[in-house]
Amino acid sequence: MSHLYIHIPFCATKCPYCDFFSLATQKWHSDFSQALEIESKLRSKECRDSLRTIYFGGGTPSFPETTELELMLSAVRKHFSVSQEAEITIEANPDDINSEKLQEWLAMGINRLSIGVQSFLDADLQYLGRRHDASKAQKAINEAQKAGFSNISIDFIHGIPGSTVESMMQNIEMAAKMRVQHLSMYSLTVEEGTILSKHIAQGKTANIVEDFQAELYIKSCEKAEEVGFAQYEVSNFCVPGYESVHNSAYWNGASYIGLGPSAHSFDGKSRRWNKSDLIAYIKGAEKGKIPFDSEKLSSIDKYNEYLLTRLRLLEGISLRDMEKQFGAEALAQFRGDIAKNKYQEFFVMENNSLSLSRSGLLLADGIIASLMKG
Amino acid sequence: MKNTRNFCIIAHIDHGKSTLADRLLEATGSVSERDFQNQVLDDMDLEREKGITIKSHAIQMLHEVGSEKYKLNLIDTPGHVDFSYEVSRAIAACEGALLVVDASQGIQAQTISNLYQAIDHNLEIIPILNKMDMPSAMPEEVKDQIVELLGCKREEIIEASARTGMGIDNILDAIIHRVPAPKGDPEAPLQALIFDSVFNSFRGIIAYFRIFNGTMHTGEHVRLFNTKKQYYSDEIGTLGMKLQPQKTLSAGDVGYMISGIKVAREVRVGDTITNVENTCAAPIDGFKEAKPMVFAGLYPIDADDYEELRESIEKLQLNDASLTFEPESSAALGFGFRCGFLGLLHMEIIQERLDREFNMDVITTVPNVSYKVYTRKAELIEVHNPSGLPDITKIDYIEEPYIMANVITKSEYLGAIMKLCIDKRGILKNQVFLSTDRVEVTFEMPLAEIVFDFYDKLKSISKGYASFDYHECGYHEADLVRLDILLNGEQVDALSTLIHKANSYAFGRRMCERLKDLIPRQQFDIAIQAAIGAKIISRETIKAYRKDVTAKCYGGDISRKRKLLEKQKKGKKRMRQVGNIEVPQSAFLAVLKLD
């Protein structure tokens, strides 16, 4: 089973907090889809099994004309084998969603929507510089459901300055009320080089407050569970059975192919990533050579990535699996390192698996870093 | 011998000693323009940068006056209180001294103490008023100070500017006509004073000496009086811009000897060279063992570099016999060395040289002085390290070293300086007005008090207008306690200090506050405590951080995130582990600068 990601590097406008590769432009849309078609062909050899998931991410995949998406998807179907039950997701901006588009997407075979709601509060949306407002977000969800989408995920960003614990609780309750299947809740992060970080540095925008975010995180997790969403990753929750198959593949070490500029691929041994340069991508495709960088993972890299991805999952690390992949010695050292760092209080042992507790998840970076090798 | 002149220069830092030396070298044609770089004599980079002389140097200039040819030996002396013994030996090798005083600054404490040494050795003093070209020069006032100090005639003071070359000829004349020629008997048994040595990686130790009596030949079988070791003088010669080998040197001459000696310890400053068979009756007076005054632990930042650090310190010791070291270990810092230094500047220099010459980054622990601990069994234990203090129940009493500190300052800063010295447990011994607005105060105070932050404070409260000098003056009983720092109940040995009881509470509190700023938040609360014995005297808490997790981790992020966390892990590795608490290097250095 394999997985495929398509990076759509276009947005109508750039959100000030976002550091993903994307251009706010109307140009090059068709050049891009043609280039992606070429890349599909060039890289078809990399994957012999059928694709279990396809994911349109970005950028804003809902921004270009559907015809462009159709071109890309049909290219993928032409050059790869796609499983009958494949999960095919598109990330969509509430602004772009209308009944016509929804029907087109369904017709293409897209069966999962990830809607960038961010918040049902207008004040939050203003801070984030989003195009849509709260009522538009609700309307988008309703229309998608009416159109027949039965696997809808929405994104929230929490810890936005000016928001409160109460407003976040209302957001989560609204998600439950609207019967979406999946919820991703991200703490607002100030990424280097973004407009948001510049504005904070200049004092134009309020900064995030770590203690507030910590409190919100715990309360949001509790609330989500209370209203029927089970947490399965640091930032991801779902109605049982509706885990994102595509994203879970990343976290379980599966191999995947990423198409489009800045997209990452993993074949189990090496990681490669296309350069974050649209023009170079388009020109490269014309010459039959997509520009990329890659690195071969050492056994230490593999172990570190294993810790990094698995410990962010609620399922944690199956001791049997770890032993199988890295040997008994590595397992013994892992358990020894937990004890040495006095991390027992952050771990839960269940069904012969070690996972981070909720307070552990909140400190996952530092804990994982300490447990890494090298 | 009658045409030889041996002289040194006494000056305060920045009063222009090295520039004046440069001008003399130029005026006598001793250095070609091609070879010239400013401050010829300060050949260590560190000396040029700090603008101070660390090692003694010597250079011979040839100067013709009419038909007479003169040999002028300039012995350059270190310019810091840490090296006052080296200065005294350099002075002992001369018959004259140029007293260089900055016309805009006046006489400073350092200058006075060196001047007294020169007067004690009956040196002819030639007062020079330097930097006369400066608009802020106040020649009449400074001349008053000099006349007062030396009892010389006003017209004996030479006005000069090493920068413009003004007065250089007058200075050369004065050296020739006022400094006496050396005395001594070339036929007597060899008697030569070692005033410094340098290490050359090809030739070993090069000893610098001044012959008082007798004659020295190449290949002579010589003996060092104090170490009692014997060598052959493989090469002797005079010190020009380069070493100039000679067959013989005799009474009155300044020169060098190379004899295959590998380590500086064997060539002690102040020792006497004589002939093995034809031994002189007595050594030259004044020899002292270099005695470290300040001790601190040096630890490699990376524990794996321990052996490399040992080699580096050993190499430094080859040309710096005053550096002592012995292995020690610390629970917090691992394996390292307890090093003895002449003073704080010396310590700083060693640290910098380790960094520059050997690329060794080290953690230095809180420096302390050497204490004499008398036990109830009437034993005497010298303690160089807080952890070496015996159990309190076994101690009868402790003595700590005292110094006599001289401070010269403008009278407007007198009050603040008095307060500083008294806060540092000083007792006022003397106060003299050198002129209407310059005053010299003398305090007896514990050496331990200046080890910490005395210089920096003195400098800041006097806006730089205070000069400071000290000499040891014995040991006195002291009410000392060991102050320990605990992190979550675990004692951090490298942060322990011996401190006067009266200061311990304030010090403990400041330590806790400072550490709170320097130890990063971790996954749990950290209690920082200062304790004397079992008694906790201060406490601060570093709250655990609440959140440390990246929200998003998808395909592209995995490699980036792995690298980020690996970097974080590397950062942690550079920290020292105390229990499960990660303590950054900076925390160990912080206590050196508490304010």
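**Exercise 1.** Determine how helix H1 and helix H2 of chain A are oriented relative to each other.

*Solution.* The model is a predicted one. Step 1: the axes of helix H1 (residues 29–42) of chain A and helix H2 (residues 66–79) of chain A lie 9 Å apart, at an angle of about 5°. Step 2: angles under 35 degrees count as roughly parallel, so H1(A) is roughly parallel to H2(A). Step 3: the residues in contact include Phe32(A) and Leu36(A) of H1(A), and Leu71(A) and Met72(A) of H2(A). Step 4: sorted by class, this contact of H1(A) with H2(A) has six nonpolar, six polar and three charged residues.

**Exercise 2.** Describe the salt bridge between Glu226(A) and Lys223(A), and state whether each residue is buried or exposed.

*Solution.* Step 1: the two side chains meet at 3.3 Å, N to O. Step 2: Glu226(A) and Lys223(A) are three residues apart in helix H8 of chain A, and therefore about one helical turn separates them. Step 3: buried means under 20% relative accessible area, and exposed means over 50%. Glu226(A), at 59%, is therefore exposed, whereas Lys223(A), at 12%, is buried.

**Exercise 3.** Locate the two partners of the salt bridge between Glu235(B) and Arg203(B).

*Solution.* Step 1: their side chains meet at 2.5 Å, N to O. Step 2: Glu235(B) lies in strand S12 of chain B, while Arg203(B) lies in the loop between strands S7 and S8 of chain B. Step 3: the partners are 32 residues apart, and the pair links distant parts of the chain.

Notes. Residues are numbered from 1 along each chain as its sequence is written. Chains are lettered from A and ligands numbered from 1 in the order in which they are written. This is a predicted model: local features need pLDDT of at least 70, side-chain atom pairs count only at pLDDT 80 or more; totals for chains, interfaces and linings use all residues. Side-chain values use heavy atoms; hydrogens and water are left out. Axes are lines fitted to C-alpha atoms, for helices over the stretch in contact, and angles run from 0 to 180 degrees between N-to-C directions. Helices (H or I, at least four residues) and strands (E, at least two) are DSSP runs, numbered from the N terminus. Angles under 35 degrees count as roughly parallel, over 145 as roughly antiparallel, 65 to 115 as roughly perpendicular and the rest as oblique. Contact means heavy atoms within 4.5 Å. Ala, Val, Leu, Ile, Met, Phe, Trp, Tyr, Cys and Pro count as nonpolar, Asp, Glu, Lys and Arg as charged, and the others, Gly among them, as polar. A salt bridge is a side-chain nitrogen of Lys or Arg within 4 Å of a carboxyl oxygen of Asp or Glu. Buried means under 20% relative accessible area, exposed over 50%, partly exposed in between (1.4 Å probe, protein chains only).
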